[in-house]
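Please open the model in your viewer and keep the selection panel at hand. The stops below say what to select and what is there.

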Number of protein chains: 2
Amino acid sequence: MAPEATGVSNAAQAPKPSRFDPSFTQHVIDTMGPKTTERNRVLLSSLIRHIHDFARETELTIDEWLAGVRYINEVGRVYSESKQTRNEAHRLSDILGLETLVDEIAHKIISDTDTDPTSSAILGPFWSPNAPFRENGGTIIQDPAPDGQVVLMHGVISDLVTGKPIPGAVFDIWQASSNGKYDFQDPQNQTPNNLRGKFRADENGKYWFYCYYPTAYSLPTDGPSYQLLQMMDRHPMRPAHIHIMVTHPEYKGCTTQLYPKDDPWLSSDTVFAVKDDLVVNFTPLEGDDKAKLELNYNVILAPKDYKGKPF
Amino acid sequence: MAPEATGVSNAAQAPKPSRFDPSFTQHVIDTMGPKTTERNRVLLSSLIRHIHDFARETELTIDEWLAGVRYINEVGRVYSESKQTRNEAHRLSDILGLETLVDEIAHKIISDTDTDPTSSAILGPFWSPNAPFRENGGTIIQDPAPDGQVVLMHGVISDLVTGKPIPGAVFDIWQASSNGKYDFQDPQNQTPNNLRGKFRADENGKYWFYCYYPTAYSLPTDGPSYQLLQMMDRHPMRPAHIHIMVTHPEYKGCTTQLYPKDDPWLSSDTVFAVKDDLVVNFTPLEGDDKAKLELNYNVILAPKDYKGKPF
């Protein structure tokens with residue numbers, strides 16, 4: 001964690017005296033009135049301090065600042081003109097690592113035993129609250145894709161502490177089709193809720209259904225977030241992945257993503273969401289006329305009041 | 001200036017060890033490829049470090065981050081839907097003090113004599129490159145406002161080092177009308193370039209023209225920047241001011257604002273642009289049937305290659 005920007009200096013790392021008004025940042029912070037909530041005061045003081053330190057450290061020029069102003073306006077313009085199907089501000093957070101960081105801040109649990117709960121990964125902009133419940137054994141494939149490879153996905157959802165299954169846990173899955181597009185962003189008009197569904201774990205904590213082997217895809221290459229990737233000389237690829245969100249009222253929910261182990265983009269995911277325990281092995285399946293591949297993935301949830309090892 | 005976020009810690013102010021992955025921020029920075037320009041690498045490394053430090057220091061929640069995402073989209077939506085007449089990202093910078101800070105970074109000169117050049121102040125979102133040249137002695141008032149008080153404004157533009165006048169310097173002025181609105185934002189449809197004009201200093205460095213006594217006004221109270229002001233329990237008022245931009249090819253240009261000395265908002269300007277030498281005294285004028293007030297304001301420009309005192 002960074003030392004306080006206004007911290008006392010010392011011989012070992014005395015900051016260079018600034019040629020800029022040393023009281024300006026505190027003055028801006030101090031304009032906040034008494035009705036500011038305590039949390040907003042903490043957030044906005046830190047935000048103002050970091051924005052100002054960024055400008056002073058880099059000696060930000062007026063042209064650079066104006067480019068930033070135009071950039072923010074452009075981010076919102078794309079959102080607005082796409083009728084909110086392109087959330088460029090969300091994507092911008094992702095390529096700067098911010099969503100992965102807030103996910104870590106919110107969900108990091110260090111287990112006090114050898115077993116860890118399933119790692120969290122970012123929600124991303126494509127989750128929908130409207131995915132329908134489907135029966136175990138059913139399929140989320142409503143619009144068959146010519147080159148989609150069907151997978152029987154199944155597993156057990158269990159309790160970190162007791163190891164026991166969690167009947168009734170909800171397993172919400174969403175994924176892009178084989179063209180790398182989710183239902184509501186696909187120009188080919190997928191049926192709403194194609195490749196989305198919620199499944200309820202049975203009395204043994206088991207879930208099972210059919211989905212597609214996931215497809216790697218590029219973030220859109222015609223908007224402000226791609227412009228930034230180009231400035232950074234970075235590729236726009238996400239490794240193939242399946243999104244899941246596993247919840248139960250008595251447990252801490254787990255929103256995460258699963259990645260095939262041979263995907264070429266695992267180590268350079270453009271949104272920094274890959275973690276070791278989320279890299280999975282799809283295996284050949286025999287004797288099922290609906291699928292030729294299988295994915296067995298067990299999910300471990302921590303109880304709602306679980307504290308883990310103190311940091 | 002803040003110590004480096006990744007600086008070596010020490011006994012006096014050792015930062016608390018973070019419970020978050022200590023290598024994550026550097027990893028995100030290191031994804032920048034070799035074709036990133038050096039300046040972009042500096043800017044984006046600092047930006048990423050500050051955004052991440054902000055999130056860690058405040059333990060930013062997912063809901064707070066999503067509120068930020070929505071906020072940025074909303075800022076751009078207003079810009080887009082207003083057909084670019086409302087630059088909310090620019091205004092947001094202003095109320096956080098960022099434009100005043102980049103203005104200081106760009107223009108701060110510490111004179112090596114007793115005389116200082118005229119202080120700079122922010123450009124703001126209402127300057128127009130299209131203001132017409134007008135003759136000295138003319139007026140920028142094209143649409144008379146019923147309660148506007150006409151002012152004869154005049155002065156000399158001179159050289160910081162020699163004290164000599166600068167013939168041919170361009171004095172660009174713009175101001176809101178008595179309703180607090182600039183031409184292109186006024187729902188009452190001001191004539192384009194009403195209350196805007198450029199004047200060329202004569203052979204004695206003198207400029208003179210008629211304008212209005214300026215009017216204090218509120219920033220718009222129906223957009224995202226006002227929402228932020230409300231969160232901060234701050235008022236949206238700017239003190240009354242006249243914008244000027246004084247340029248000459250052989251001098252550092254000066255963009256600034258002038259404020260009547262009895263304005264009630266001088267000490268709490270919502271965009272932090274007031275400086276002592278910019279607070280001016282309007283005096284009664286006699287014997288001129290066009291104006292009852294006078295403002296004598298001399299501008300001092302530093303030569304283009306002037307370095308001033310080293311910091």
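Select strand β2 (residues 170-174) of chain A together with β3(A): the two run antiparallel and are joined by 5 bridges. Strands here are DSSP runs of E of at least two residues, helices are runs of H or I of at least four, and both are numbered from the N terminus; two strands pair if DSSP finds at least two bridges between them. Within this pair, F171(A) stands opposite F199(A) in β3(A).

This is a predicted model, in which local features need pLDDT of at least 70 and side-chain atom pairs count only at pLDDT 80 or more, while totals for chains, interfaces and linings use all residues. Residues are numbered from 1 along each chain as its sequence is written, chains are lettered from A and ligands numbered from 1 in the order in which they are written, and side-chain values use heavy atoms, with hydrogens and water left out.

Now widen the selection to the open sheet of 5 strands in chain A, ordered β3-β2-β7-β8-β9 with mixed pairing. β3 (196-200) and β9 (279-280) of chain A are at the edges with a single partner strand each, so one side of each has no neighbour in the sheet.

Move to chain B. Most residues other than glycine have a negative phi. Select N189(B), in the loop between β2 (170-174) and β3 (196-200) of chain B: its phi is positive, about 50°.

Last, select F272(B), in the loop between β8 (254-260) and β9 (279-280) of chain B. Phi of F272(B) is also positive, near 65°, but F272(B) is buried, at 7% relative accessible area.

Terms used
Buried < 20%, exposed > 50% of the residue type's maximum accessible area, 1.4 Å probe, protein only.
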